[in-house]
Amino acid sequence: MGLGVRSAPFTYVAHALALAAAVMVLVWCIQFRGGLAFEDTNKNLIFNLHPVLMLIGYIILGSEAIMIYRVLPTWNHDTTKLIHLILHAIALVLGSFGIYFAFKFHNESGIANLYSLHSWLGIGTISLYGIQWVFGFVAFFFPGATPNVRKSVLPWHILFGLFVYILALATAELGFLEKLTFLQSSGLDKYGAEAFLVNFTALVVVLFGASVVVAAIAPARLEEQQDYTPIPEN
C-alpha cells in the first residue's frame with residue numbers, strides 16, 4: 001500500500017527547510033562564533049568549518065541526491081542517475097573534509113579525538129556512506145550488474161541508503177547537542193539568542209530530514225488502483 005500522496009509537495013518543503021537550515025548554520029558560525037578559517041590562531045574558526053560542511057555539503061547535498069528522481073521525474077533516467085551519483089560523491093568529499101577539520105581543531109587544540117558517541121557515529125556513518133556509493137557505482141553505473149541483479153538489489157540499495165541518511169541526521173542532532181552543551185558549560189546563556197538559534201537549527205534539520213524521507217518514498221505520480229472504478233457522474 002502506498003502513502004497516497006505525491007512526492008512533489010514534500011520536495012518543495014524540503015528545499016525551503018534546506019535553505020533555512022543553511023542560512024541558520026552560517027549565521028551561527030559566522031555571526032555568533034566569529035567566522036570560518038582553514039588556518040588561524042583562533043582554533044574555533046577552524047572548527048566552524050565542521051558544522052557548515054557537514055550540514056550544507058554532506059546532509060543537504062546528499063538530500064538533493066536522494067530527491068533527484070522526484071525533483072526531475074520527467075528527465076531521462078540515465079541523466080538523473082548520473083546527477084544522483086555526482087551529488088552523492090560531492091557530499092561524500094565535503095563530508096570527509098568536514099570531519100578532517102574537526103580532527104584538525106582537536107589536534108591543534110590538544111583535545112582528544114573519538115571520545116563521544118557523536119564522533120563514533122560520524123565516522124561510522126561516513127564510512128557506510130562511502131560503501132554505499134561504491135556499491136551503487138559498481139552495480140548501477142560501471143561496470144554495472146545485469147538487469148536482473150540490478151532489479152533485485154535496488155530495493156536494498158534504497159533501504160540501506162535511507163538508513164545511512166537517517167543515521168547522518170541523528171549524528172548531526174547529537175553534534176548540535178554536544179556543541180551547545182560545551183558552550184553552555186563554558187558560560188553561554190542557556191536562554192540567549194545563540195542557544196535558541198542552535199536549537200531551532202537542529203529542529204529545522206529534523207523537519208528537513210523527515211520531508212526528504214517522505215519525498216523519497218512517495219511516488220512522483222499517483223496511479224489509480226487497478227481494482228478502483230471511479231463513481232460515474234450520472
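Leaving aside neighbours within four places in sequence, which residues is Tyr165 in contact with?

View 1. Tyr165 is in contact (heavy atoms within 4.5 Å) with Ile59, Ser63, Ile66, Phe208, Gly209, Val212 and Val213, its neighbours within four places in sequence being left aside. Residues are numbered from 1 along each chain as its sequence is written, and side-chain values use heavy atoms, without hydrogens and water. In this predicted model, local features need pLDDT of at least 70 and side-chain atom pairs count only at pLDDT 80 or more, while totals for chains, interfaces and linings use all residues.

**View 2. The largest nonpolar core, with 43 residues.** Such a core is a set of buried (under 20% relative accessible area, 1.4 Å probe, protein chains only) Ala, Val, Leu, Ile, Met, Phe, Trp, Tyr and Cys residues joined through side-chain atoms within 4.5 Å. Trp28, Leu55, Ile59, Tyr165 and Phe208 have the most contacts inside it. Helices are DSSP runs (H or I, at least four residues), numbered from the N terminus. Helix 7 gives the largest share of this core, 11 residues.

**View 3. Helix 1 and helix 7.** Their axes (lines fitted to C-alpha atoms over the stretch in contact, with angles from 0 to 180 degrees between N-to-C directions) come within 8 Å and cross at roughly 155°. Helix 1 and helix 7 are therefore roughly antiparallel (over 145 degrees) to each other.

**View 4. Helix 3 and helix 5.** The axes of helix 3 and helix 5 come within 14 Å and cross at roughly 35°. His50, Tyr58 and Gly62 in helix 3 meet His118, Thr125, Ile126 and Tyr129 in helix 5.

Terms used:
Buried means under 20% relative accessible area, exposed over 50%, partly exposed in between (1.4 Å probe, protein chains only). Helices (H or I, at least four residues) and strands (E, at least two) are DSSP runs, numbered from the N terminus. Angles under 35 degrees count as roughly parallel, over 145 as roughly antiparallel, 65 to 115 as roughly perpendicular and the rest as oblique.
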